[in-house]
Amino acid sequence: MPGYHNAATETMDRADLDTLIDERVRYTVKYANDHSPFYRHWFRENGIDPAGIRVHEDLLTLPVISGKTIREHQPPVLPAFSFLSAGWGDIFTIQETSGTSGTPKSFFLAWDDWRRYAEKYSRSFVSQGLGAGDRVVVCASYGMNVGANTMTLAARRIGMTIIPFGKCSFSSRVITAYRPTAIVGSVFKLLRLARRIRAEGLDPQESSLARLIAGGESFADESRAYLADQWGCPVYNTYGSTEGTMCGECTAIAGLHVPEDLVHLDMYDPRMQDFVSDGSPGRAVLTTLLPEGAKAGMLLLNYDTEDTTTVLSRARCACGRTHMRIAHPQRESETVRIFGTPVNRVDIEACVFQPSNMAFLTGEYEAFVYGGDAAGKVVLRTAMECPDPATIDERQVAETFTACLTRRRRMLAPFLADQSLVLEFSFVRPGGLELQAAKGRPRRLTDRRSE
Ligand SMILES: [Zn+2]
């Protein structure tokens, strides 16, 4: 097992960790009341006495805010940024989220924020076996998101060399010349990279790569396994966001460790309008935790990340870390409901990436939900890319896909049986998917019933 970046904190006993979390909850709430116009007003408006919030359980009694709340408290809606919680002299950078829905959300980061973000990534990288002497290609973009820049700051702390490509379109020359030991990128970019360098005559399995760090989007265990097989090395997950979640999977691959002393996550069910207990899926609701005396350019209390996950364990991990572990978060925006059953992109992805299917496919896919010919019918149409559609065993792929979906979403079985839910499949040549012609983040599961 690899060591720790910050052993004292990462392996702290639960009771001590909870005490530290509660101290930071009190300081953060006071900081919010002293420095954030939004939260000062929010406390007053909701009749909350900030001094009465003493322990992390008290956060469960507060309202939940969302990305919409941030957008409604910044220009152009308001003349000023209500969430800004430090003077301009302390703001090191302004970041934005990608803005898939309307105006991007603005985030203000003090140098203290950057240091905490880098601490989180440093812990995650070390837990994945990275350290001094590693050479890491960063495929995440160096833009208005914090990810790539934070990883680069983390590398400085742990003595890694960063190759800041910012995208995954480099050639095999980069791999043969610099002999990188890790690449950070999304599953699909890393799969495409493997295909490209193989076409250039370099076998990814024979390359210098010792591990891949997947992030930027959720993925199925099946696509991870396929990616690991293509590169002949382990793939570890990270879950980061500009809002400050930076959770990482250690080499035990038993869930993502949440750096609990720096970010607090509670799980919330928006339909029940209540928090849920460990083991139940919910939306991750985030609270920034500031160490005593620290500054924050912007902080969040009870912020709905709109990502769904589950607390897997708060017990000590095989790696020795005590910080809680969560399941791979899935985006709520990538979930559709079919006869009341939630189906996420990851469910579709798991069915595409069944090992027997991957004998025919590249893994690139897109799925659409349509209303059927008759009322009460639903069609789920999945298009899959394959190098040669002429050689594919379409029936086998369809059967494997259907069996997988039935296993993952048992509630759909009766609807499949009476054909109120129909699965349709199409197979396209490389480059033939709709999403390959679209700009921005690819949409792999689209509900077209309301369009
Ligand atoms: Zn662990």
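This is a predicted model: local features need pLDDT of at least 70, side-chain atom pairs count only at pLDDT 80 or more; totals for chains, interfaces and linings use all residues.
User: Let's start with the metal. Which residues are the protein donors of the zinc ion?

Analyst: Cys 250, Cys 317 and Cys 319 each give their SG, and His 257 gives its NE2. These donors lie 2.1 to 2.3 Å from the zinc.

User: What's the geometry of the site, going by the angles among the four donor atoms?

Analyst: Tetrahedral, with angles of 103 to 115° among those atoms.

User: And how are the donor residues spaced in sequence?

Analyst: The pattern reads C-x6-H-x59-C-x1-C. Cys 250 and Cys 317 are 67 residues apart, so that pair links distant parts of the chain. Cys 250 is in the loop between strand S8 (246-249) and strand S9 (256-257), while Cys 317 is in the loop between strand S14 (311-313) and strand S15 (325-326).

User: Are Cys 250 and Cys 317 buried or exposed?

Analyst: Cys 250 is buried at a relative accessible area of 0%, and Cys 317 is buried at 5%.

User: OK, switching to helices. At what angle do H5 and H6 pack?

Analyst: About 70°, with the axes 8 Å apart. H5 covers residues 111-127 and H6 covers 147-158. Because of that angle, H5 counts as roughly perpendicular to H6.

User: Which residues meet there?

Analyst: On the H5 side they include Trp 111, Trp 114, Tyr 117, Tyr 121 and Phe 125. On the H6 side, Met 151, Leu 153, Ala 154 and Ile 158 are among them. Arg 115 and Glu 119 of H5 take part too, as does Arg 157 of H6.

User: How do the residues of that contact divide into nonpolar, polar and charged?

Analyst: There are 11 nonpolar, four polar and three charged.

User: What about phi at Arg 179?

Analyst: Arg 179 has a positive phi of about 45°, although it isn't a glycine. Its loop runs between helix H7 (172-178) and strand S5 (182-185). Arg 179 is partly exposed, with a relative accessible area of 48%.

User: And Gln 419, what's its phi and where is it found?

Analyst: Gln 419 isn't a glycine either, and its phi is positive at about 65°. You'll find Gln 419 in the loop between helix H12 (413-417) and strand S21 (421-428).

User: Why does Gln 419 count as exposed?

Analyst: Because its relative accessible area is 51%, and the cut-off for exposed is over 50%.

User: Last topic, strands. Where is Val 136, and what does it contact?

Analyst: Val 136 is in strand S3 (residues 135-138) and is buried, at 1% relative accessibility. Leaving aside neighbours within four places in sequence, Val 136 is in contact with Leu 130, Met 160, Thr 161, Ile 162, Ile 163, Ala 182 and Val 184.

User: How many residues separate Val 136 and Ile 162 in sequence?

Analyst: They're 26 residues apart in sequence, with their C-alphas 5.0 Å apart in space.

User: And Thr 288, buried or exposed?

Analyst: Buried, at 13% relative accessibility. Thr 288 sits in strand S12 (residues 282-288). Not counting residues up to four places away in sequence, Thr 288 touches Thr 28, Leu 262, Leu 299 and Leu 300.

Note on methods. Residues are numbered from 1 along each chain as its sequence is written. Side-chain values use heavy atoms; hydrogens and water are left out. Donors are N, O and S atoms within 2.8 Å of the metal (3.2 Å for Na, K and Ca); water is not among the atoms, so sites may look incomplete. Four donors count as tetrahedral if all angles lie between 85 and 135 degrees; four count as square planar and six as octahedral if opposite donors are over 155 degrees apart and all others between 65 and 115; anything else is irregular. Helices (H or I, at least four residues) and strands (E, at least two) are DSSP runs, numbered from the N terminus. Buried means under 20% relative accessible area, exposed over 50%, partly exposed in between (1.4 Å probe, protein chains only). Axes are lines fitted to C-alpha atoms, for helices over the stretch in contact, and angles run from 0 to 180 degrees between N-to-C directions. Angles under 35 degrees count as roughly parallel, over 145 as roughly antiparallel, 65 to 115 as roughly perpendicular and the rest as oblique. Contact means heavy atoms within 4.5 Å. Ala, Val, Leu, Ile, Met, Phe, Trp, Tyr, Cys and Pro count as nonpolar, Asp, Glu, Lys and Arg as charged, and the others, Gly among them, as polar.
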